[in-house]
Amino acid sequence: MGLSKWTDPYGLVQKGDDKLSGKPGIIIIGAGIAGVHAAESLRKEGFRGRIVLMDRDGQMPYDRPPLSKEWLTGEMDSASLLLRDPAVYEKLDIDLKLDVDVTSIDPVRKTIDTKDGSSYEWDKLLLATGSGLRTLSIAGDDLQGIFYLRGMTDAAAIKQHMQHVKEAVIIGAGFIGAELASSLKQLGINVTIVERSSYPMEKIVGREISAYFLDLHHRNGVNVITDDSVAQFNGDTMVGEGVTVEGRRIPCQVVMIGVGVTPNTEVSLPHLEIDGGYVVDQYGETSIPGIYAAGDCTVWPYNEVPIHVEHWDHSLNHAKTVAQNMVNPQSAPYSYTPYFWSDQHGSRFQYFGHTQQWSKTVLRGSFESDTFTNFYLDDQNIVQAAFLCNQPKNALPVRRMIKHQKAIDPEVLADERVALKKAVWSQ
Ligand SMILES: Cc1cc2nc3c(=O)[nH]c(=O)nc-3n(C[C@H](O)[C@H](O)[C@H](O)COP(=O)(O)OP(=O)(O)OC[C@H]3O[C@@H](n4cnc5c(N)ncnc54)[C@H](O)[C@@H]3O)c2cc1C
């Protein structure tokens, strides 16, 4: 891949100590799923030096996926959101520092600076800064009742506001928007999604699956408007309606905007390669020796091609592998198959692999039964990705297929009478 290693004019490699023991140790910026798992894995790998885990958020590290699903609908309590019991950090001697915003890195002094004027030393640094919200600028968007959702504070504000809401507008039919629509519907709220494209998420799942999603929402009573976007919000102090470019007026007491995220790479420095995320090699090391990155904030080599994903499972597994490499340099190349899931209207969707250019798709099962697996094949009939709807039993053979990269007869794939694991091994 295109990661050009810095030639190390400051002699950082020599200064660093691979088997760290005393201070200053390792600093991790970001205590999301990646940061927390990296800290824990450093200990599991036998690292006995100092670990400082920092986050600009003031909350104990928590999980994000339930915020649009079971936490919002009240099926999960707040305590269950915590990634770890607070006692775990103490037990593992992880120095958790919350409300600390890292503003800059000095690779020569090997320090980081924070917004409150403090400075911390490191021997090795892990950037686990995750993603930040993409925002829109729409007339009237300063009215109350208009929300984005990334963290606990957003989610708590949304939940509080929803108590008096009958009608909601969701902008964007991506995974977060679609999950919010499903959760709000479950709470008895009338939901309209406004989506500017004809087929949401078509680039990821293809037109057929995108159309399936639209149909699923319609069947569950969600009003989905495509090929249109909200141009203005009206209201007194509180939002009362959204007006679209096509002139539709949609009454609402709450608006949620879910138009994607971008990697948090504001903490940067010369020679640190950033190209749609911190660019890392297969060991998670950036272009600057001793500085690593993991999770949502990275661009990493998948089958030797640099990719960027924003998935919980990747962040967790990537962080574990990168931590291994921080303790024992270049010992564990990352070779995980990307995976994400989504829950909507009682269905579980799972996506394995990564491709945006497939030659054909093969459907096993049927849309009508809401039970199917859709395979994405390249021109040599090699499965590059698969989308599973309510078929968790297919997860393992699908992972194997994607890992082994062997051609499979599309007719065999489509034939439900042939067990999938047989299809994997019979080729
Ligand atoms: C509502 C919601 C639902 C989701 N549902 C799913 C799902 O169903 N399936 C799925 O696969 N994925 C889902 N995701 C995505 C998944 O949660 C992310 O991929 C995952 O959280 C990324 O983990 P991370 O640790 O890499 O980054 P993050 O979770 O973004 O954590 C990064 C942390 O770094 C901190 N930080 C950033 N910059 C600084 C700085 N300069 N100084 C100090 N701290 C800093 C941030 O405050 C943040 O806490 C969902 C996300 C959201 C928001």
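Predicted model: local features only at pLDDT ≥ 70, side-chain atom pairs only at ≥ 80, totals over all residues.

Biologist: Okay. Which strands does helix α4 lie across?

Modeller: Helix α4, residues 152-162, lies across β9 and β16. The helix runs at about 150° to β9.

Biologist: And how many bridges join β9 to β16?

Modeller: There are 3 bridges, and the two strands run parallel. One detail to look for: I146 has V255 in β16 as its bridge partner.

Biologist: What's the strand order in that open sheet?

Modeller: It has 5 strands in the order β9-β16-β10-β11-β12, and the pairing is parallel. β9 (146-148) and β12 (223-225) each have a single partner strand, so one side of each has no neighbour in the sheet. On average, neighbouring strands are turned by 20° against each other, direction ignored.

Biologist: Switching topic: which residues come nearest the ligand?

Modeller: G30, G32, A34, G130 and G295, out of 37 residues around the ligand.

Biologist: Which elements each supply at least two of the shell residues?

Modeller: α2 (33-44), α8 (312-327) and β22 (339-344) do.

Biologist: Last one: where does the ligand lie relative to domain 1 and domain 2?

Modeller: Between them, because both domain 1 (26-132 + 262-327) and domain 2 (146-259) give residues to the shell around the ligand.

Methods:
Residues numbered from 1 in each chain as written. Near = placed C-beta within 6 Å. Helix = DSSP H or I, 4+ residues; strand = E, 2+ residues; numbered from the N terminus. Domains from an automatic or database assignment. Pairing = 2+ DSSP bridges. Axes fitted to C-alpha atoms, helices over the stretch in contact; angles between N-to-C directions. Contact = placed C-beta atoms within 7 Å.
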